[in-house]
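Here are my notes on this model. Please read them with the structure open.

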Amino acid sequence: MKNIVILISGGGSNMLAIVKASKRENWAANYQAQVAAVISNKTNAKGLALAAQQGIATASLDHKAFASREAFDTALAQRIDSYATPGQPQLVLLAGFMRILTPGFVNHYAGRLVNIHPSLLPAFPGLHTHQRAIDAGCKLAGATVHLVTPELDHGPILAQAVVPILPNDSAETLAARVLSQEHLIYPQAVSSLLQVQ
């Protein structure tokens, strides 16, 4: 069984969309894959309770308890790898995981580490993507699912969704419209990736 570990920092809505898709589409039978665990760097992340309600193992690892980014990433990788099935590829999905990962961590999961970003990459990497798109006068915004590389918000694009920016949009209204598309394309991209692994 290919075990999938999802990393979150907050509410976990993308995580929940992936979990529900995995059950609805029976990834266990069709791709020999399952969401094995959800891990957060925040002990009070609401997504942990949502994952537990779905019967998924959860764990938290407070990044503030570590002396360095490298120490945290090393401990996080050990925790993730504790859910691995020997001889099987393992996917690690970033779903609102608000940490910049070290190159060592990224390279450890090369080709198996996936992120979703709330812009049409390569436009607007980093934070405050919705306001930046509005301020730039863009007519379109969206979300991108991509493989993670050491360079922030770069890496091969797996899927994108486009939404219009409306004349009276705020960052909040645009974010909500983009998020609804994230919930569709992230599970689809993971499903496609599982089919070729």
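1. First, a term. Ala, Val, Leu, Ile, Met, Phe, Trp, Tyr, Cys and Pro count as nonpolar; Asp, Glu, Lys and Arg count as charged; the others, Gly among them, are polar. On that scheme, the lining of the largest pocket divides into 16 nonpolar, 16 polar and four charged residues. Bear in mind that this is a predicted model.

2. The largest pocket has a volume of about 880 Å³. Its lining counts 36 residues. Nearest the centre lie Phe 97, Met 98, Ile 116, His 117 and Pro 118.

3. Which elements each supply at least two residues of that lining? They are α1 (13-24), β5 (113-117), α6 (129-135) and α7 (171-196). The most comes from α7, with four residues.

4. Look next at Thr 129, in helix α6. Thr 129 has a relative accessible area of 5%, so it is buried; the cut-off is under 20%. Leaving out residues up to four places away in sequence, Thr 129 touches His 117, Pro 118, Ser 119 and Phe 124. His 117 and Pro 118 are also among the residues nearest the pocket centre.

5. Val 145 sits in strand β6 (residues 140-147). Its relative accessibility is 0%, so Val 145 counts as buried.

6. What does Val 145 touch, not counting residues up to four places away in sequence? The contacts are Val 114, Asn 115, Ile 116, Pro 156, Ile 157, Leu 158, Ala 159, Ile 185, Tyr 186 and Ala 189. Val 114 is 31 residues apart from Val 145 along the chain, yet their C-alpha atoms are separated by 7.1 Å.

Note on methods
Residues are numbered from 1 along each chain as its sequence is written. This is a predicted model: local features need pLDDT of at least 70, side-chain atom pairs count only at pLDDT 80 or more; totals for chains, interfaces and linings use all residues. Side-chain values use heavy atoms; hydrogens and water are left out. Buried means under 20% relative accessible area, exposed over 50%, partly exposed in between (1.4 Å probe, protein chains only). Contact means heavy atoms within 4.5 Å. On a 1 Å grid over the protein atoms alone, a cavity is a set of points where a 1.4 Å probe fits but cannot get out, and a pocket is an open set with protein on both sides within 12 Å along at least five of seven lines; lining residues have an atom within 4 Å of a point. Grid points are joined across faces, edges and corners, and a volume is the space filled by probe spheres set on the points.
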